[in-house]
Amino acid sequence: MSAKKDMDLTLKIWRQKDATDKGAMKDYTVKSVSPDSSFLEMLDMLNEDLVNKGEEPVAFDHDCREGICGMCSLYINGEAHGPDRAVTTCQLHMRKFKDGDTITIEPWRANAFPVIKDLIVDRTAFERIQQAGGFISVNTSGNTQDANGIPISKHNADKAMDAATCIGCGACVATCKNASAMLFVSAKVAQFSLLPQGEIERKDRVLNMVHQMDLEGFGNCTNTGACEVECPKGISLENIAILNREYLMSSLTKEK
Ligand code: SF4
Ligand code: FES
């Protein structure tokens, strides 16, 4: 049980009817919010109030509410996923705020992530980047080598597992002043480049994923490092160095 008492809060929330609407911030109040509740539960309370008053509830994305799916993309008080570190919005607790606080809630802002409604953005650009190369081909003829029979160094296995924890939430893009998707793409490329299973499409993967990233309108990395700070999964900038090396090596050695 938290020692903190329930809170009354003012919320400034981005409301936008659809993709064509100009949108604006709107003020709301929520009362008696338990510090033990999650940020999304607090938004559920607000929506229940709005529905009871016959008003349109605030649209926001969520699914697992366990930090796994990457859906809960909110910009809270100017920070992707709010003031806590290494958590998604669904894992953010109201004890991070205090009674009487004003909380600003906005959607991700990036040209490649257009707002669909209120706090929901279209992140299918990430899916198209994945489809361009974020996969491996496996021989399923019946002669497939047992994966456990392929030696992988502990160092590479650990690094690949770390990169694989990226949940595709887009906080890196939302945080970056260039709206760069480099941290996301680098996590996907590094994950496979560190494992023998990723060898087959190695060169095509990085070239195609970077090409799609550019087509989608994401900006470039200028080594600010904000993405790494706000990433809920702690994806390291080191992956961007791997991405750059993979890209250079593939551009120079790929047969035309
Ligand atoms: S790198 Fe981090 S912030 Fe970017 S999509 Fe992956 S988990 Fe989210
Ligand atoms: S709702 Fe799935 S990560 Fe937050």
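What share of the 256 residues of the chain count as buried? The figure is 35%, where a residue is buried if 20 or more other C-beta atoms lie within 10 Å of its own, exposed if 12 or fewer, and partly exposed in between, with C-beta atoms placed from the backbone. The model is predicted, so local features need pLDDT of at least 70 and side-chain atom pairs count only at pLDDT 80 or more, while totals for chains, interfaces and linings use all residues. Residues are numbered from 1 along each chain as its sequence is written, and chains are lettered from A and ligands numbered from 1 in the order in which they are written.

Now for the overall layout. The chain has eight helices and seven strands; helices (H or I, at least four residues) and strands (E, at least two) are DSSP runs, numbered from the N terminus. Its C-alpha trace spans about 65 × 45 × 40 Å along the principal axes. Take the contacts between residues at least 6 apart in sequence: 70% of them join residues at least 24 apart. Two residues are in contact here if their C-beta atoms, placed from the backbone, lie within 7 Å.

Ligand 1 comes next. There are 14 residues around ligand 1, and C166, C169, A171, C172 and C231 come nearest; to be near, a residue needs its C-beta atom, placed from the backbone, within 6 Å of the molecule or strand. Helices α4 (171–175) and α5 (182–193) each put at least two residues into this shell, and α5 gives the most, with three. Sorted by class, the shell holds eleven nonpolar residues, two polar and one charged. In this sorting, Ala, Val, Leu, Ile, Met, Phe, Trp, Tyr, Cys and Pro count as nonpolar, Asp, Glu, Lys and Arg as charged, and the others, Gly among them, as polar.

One of the residues that come nearest to ligand 1 is C169, found in the loop between α3 (154–163) and α4. C169 is buried, because 27 other C-beta atoms lie within 10 Å. Leaving aside residues up to four places away in sequence, C169 touches G70, S73, T88 and P232. From C169 to M249 there are 80 residues in sequence and 28 Å in space, C-alpha to C-alpha.

Helix α5 also packs against helix α8 (238–253). The angle between α5 and α8 is about 70°, and their axes are 8 Å apart; axes are lines fitted to C-alpha atoms, for helices over the stretch in contact, and angles run from 0 to 180 degrees between N-to-C directions. The pair is therefore roughly perpendicular, given that angles under 35 degrees count as roughly parallel, over 145 as roughly antiparallel, 65 to 115 as roughly perpendicular and the rest as oblique. On the α5 side the contact is made by M182, L183, V185, S186, A187, V189, A190 and S193, and on the α8 side by N239, I240, I242, L243 and E246. These residues divide into nine nonpolar, three polar and one charged.

K203, V206, L207 and V210 of α6 meet L243, E246, Y247, S250 and S251 of α8. Five of these residues are nonpolar, two polar and two charged.

Then there is α2 (124–133), which packs with α6 (202–215) at about 155°, with axes 7 Å apart. That makes α2 roughly antiparallel to α6. R128, I129, A132 and G133 of α2 make the contact with D204, R205, N208, M209, H211, Q212 and M213 of α6. By class, that comes to four nonpolar, four polar and three charged residues. Of these, D204 sits in helix α6 and is partly exposed, because 13 other C-beta atoms lie within 10 Å. D204 is 91 residues from F113 in sequence and 25 Å from F113 in space, C-alpha to C-alpha.

Most residues other than glycine have a negative phi. S32, however, has a positive phi near 55°. S32 belongs to strand β2 (24–33) and is exposed, with 10 other C-beta atoms within 10 Å. A86 has a positive phi as well, near 60°. A86 lies in the loop between β4 (79–80) and β5 (102–106), and counts as partly exposed, with 13 C-beta neighbours inside 10 Å.
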